[in-house]
Every structure is written in structure tokens, then in C-alpha cells.
Amino acid sequence: MLWSLVSSLIKHSSVSHTIVTPQYVLSPRIIGKCSDQLLCRRQQNNWKQSKQIRHQLNNQLGNSNQSGNMANIDNIRISVIQPEDRQRVLDFLRIHYYCEEPLTVGREPKQQDPADEEFNLSNINHGTCLMAINTETESIVGAVLAGPKGPDEAEHLFEEAAAEGQSKWGIILKFLAGVERDANVFQRYGVQKALHAHVLGVDGEMRGKNIGGRLMSELMRLGKKLGYEILTADCTSYYSARLCERLGWECINAAYYADYVDDVNKKPVFVVQPPHDCCRTFAQRL
Ligand code: COA
């Protein structure tokens, strides 16, 4: 229902749906391409257009998830997400994360799989998820959902993906399993216990104010306190990758969407619009 509302708003907006040029084999390109710095005018335009869409969406939803756009960024509190926050975190992510996250919107149907939501929210139980709250309105303006992983993570993800089959979540899991295998974090850093950030979303009206950076920095502190050796993130978005670069995290892998093609028809599995072109994996020792 939410997605049909978004689709109709997108249809009536001027956001273009560019198809990326297909290329052929899956070959993760490591490190060299990790520091592309290209912020073209088109991205800025897309951002403005998607801001308009979110604004309309919020209005049509009866302002149910408005953050108070005038919030002073000093009036932001970061706190650990508790099990009782689950529904409001989900409501927030449906508006400010899933509608834009490149893997989700890069594949039809554009709506997220319920299993995807279920998996991401299950991380709340680990006490390793954070939200940014506007202290004037007590509404959520950002969230990062993270959870533990061990050296068998890639194997585990491939098994989960096989069990899910051709569902949208199964297809995303298979891609992420390959990314996990290629990033090879545990051998690369000689660690046993990692914290992995699965989701990072900031209120569309509050972007570019370092709320994402504050959430990630706070997650580093929390992870360290809880005894994790390293924090990792698969940045499927150009913007989250810039954010991790700015934090000084190490980029250890890049999996290009145009290279990740279907075995049968050789077309890209995810059709993602620029400026997003790959999933970059970042790591930071704690
Ligand atoms: N369009 C254009 N620029 C954007 C942007 C957007 N949608 N979102 C962030 N930026 C820019 C900021 O201006 C900033 O640029 P700078 O490095 O030149 O200063 C940079 O990206 C990082 O901004 P920052 O303030 O640190 O992050 P943020 O709080 O704006 O949040 C995301 C970044 C990725 C969390 C946010 O864009 C988001 O929620 N996106 C939708 C969900 C998503 O794709 N999540 C990431 C999946 S891994």
C-alpha cells in the first residue's frame, strides 16, 4: 500500500528511471575504485526531487512520521533502539530508507520483501541498533541497525539465500553473500567477532547534517564497549559510502551492479540509478 503511494508519487514527479548499461561478468574491483569523488548536478537534482516526493508522502500519510524539519541539529539525541521501538522504527524505515535503498529499488517489485524487514528489525534484540531522535518532537530522524557476525557469515548467507530461493530477499541475500565472501573481513583483519551495520537511514529532510555520521560514530563506541573487534558496512548507496570514507574507514571491496548479471539472460540483477554504481564494503577496527 505504502509502495503504491510512493509509485504513484514517483510516476507524477519528474524523476527519471535511467537504465544502466549492462556489462558482463561478476568481478569485484577492489580498492582502486573506492574513492571516486563525483558529485554531479544531476544527483543534486534527484535529491531535490526525492525530497519533494517524501514531503508529499508525509503529507498524504497525515504527517504520521514527520520529524519537524526545522529541528536544530544540536537537538538530536542518539539512543539504543529498544524492542518496544520496533514499530516506529519500521514506520521510519519504510519512508526514509526502503524507498531509496539501491538494492530495494533496483529490482522489481520495488517494494521491500517482508522477510527483509523482519531480518533487519531482528537486530534490535542484540542491543546494537541506534536511533537519532529530535528532542523537540521526540520523532526519529535517523537509524542504524547492526548485528553480530562471525567468520562463517558468507557461508551462512549463501545457505539462507538458497533457502529463500528466487524471492526478492533471496536474491538480495545471494548478492550480499558474495560481497561478504569477497570482502573476506575475518581473514583480512585476523578477527573473530564483528559488528555489521545492515541499515542506515536518515530523514530525507535532514540529510547532509552528519546525522548518519553521528550514528556510525556512536555505533563504533557501542561496538567497542560490547567487545566487538571490528565494525563493517556494505554501503549500497553512493552517499553512505562517502560518509564512511569521511569517517576514515577502510574500503576493502567494491561490487559493481552492472557486473552482477543474471546467469541466464546476462542482464544486471539490480538496475540501479546513478550516482549509485556499486556496493562498497568498509571496515573499521574498534
Ligand atoms: N542526495 C545527495 N547528497 C546526499 C544525500 C542525498 N540523498 N544524502 C546525503 N548526501 C550527501 C551529504 O550532503 C554529504 O555530502 P558531503 O560528504 O559532501 O558533505 C554526504 O552525502 C554524507 O552526508 P551525511 O550528513 O554524512 O549523511 P546523511 O546523514 O545525510 O545520511 C544516508 C546519509 C546514506 C544515510 C542518507 O542519504 C539516506 O538515508 N539514504 C537513503 C537510504 C540509503 O540508501 N541508505 C544507505 C544504504 S547502505
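Visitor: Where does N210 lie?
Guide: N210 lies in the loop between β4 (194-202) and α9 (211-225). Helices are DSSP runs of H or I with at least four residues, strands are runs of E with at least two, and both are numbered from the N terminus. This is a predicted model, in which local features need pLDDT of at least 70, side-chain atom pairs count only at pLDDT 80 or more, and totals for chains, interfaces and linings use all residues. Residues are numbered from 1 along each chain as its sequence is written.

Visitor: What is the phi of N210?
Guide: The value is near 65 degrees, which is positive, and N210 is a residue other than glycine. Most residues other than glycine have a negative phi.

Visitor: How many other C-beta atoms lie within 10 Å of N210?
Guide: There are 17, so N210 is partly exposed. A residue is buried if 20 or more other C-beta atoms lie within 10 Å of its own, exposed if 12 or fewer, and partly exposed in between, with C-beta atoms placed from the backbone.

Visitor: And E138, is that exposed or buried?
Guide: E138 counts as exposed because it has 9 C-beta neighbours inside 10 Å. E138 also has a positive phi, about 60 degrees, although it is not a glycine. Its place is in the loop between β2 (130-134) and β3 (139-149).

Visitor: Changing topic, which peptide bond has omega near -10 degrees?
Guide: The bond from E108 to P109, which is cis. P109 lies in the loop between α4 (102-105) and α5 (114-122).

Visitor: And which one has omega near 10 degrees?
Guide: The bond from P274 to P275, also cis. P275 is in the loop between β6 (250-256) and β7 (278-285). Most peptide bonds are trans.
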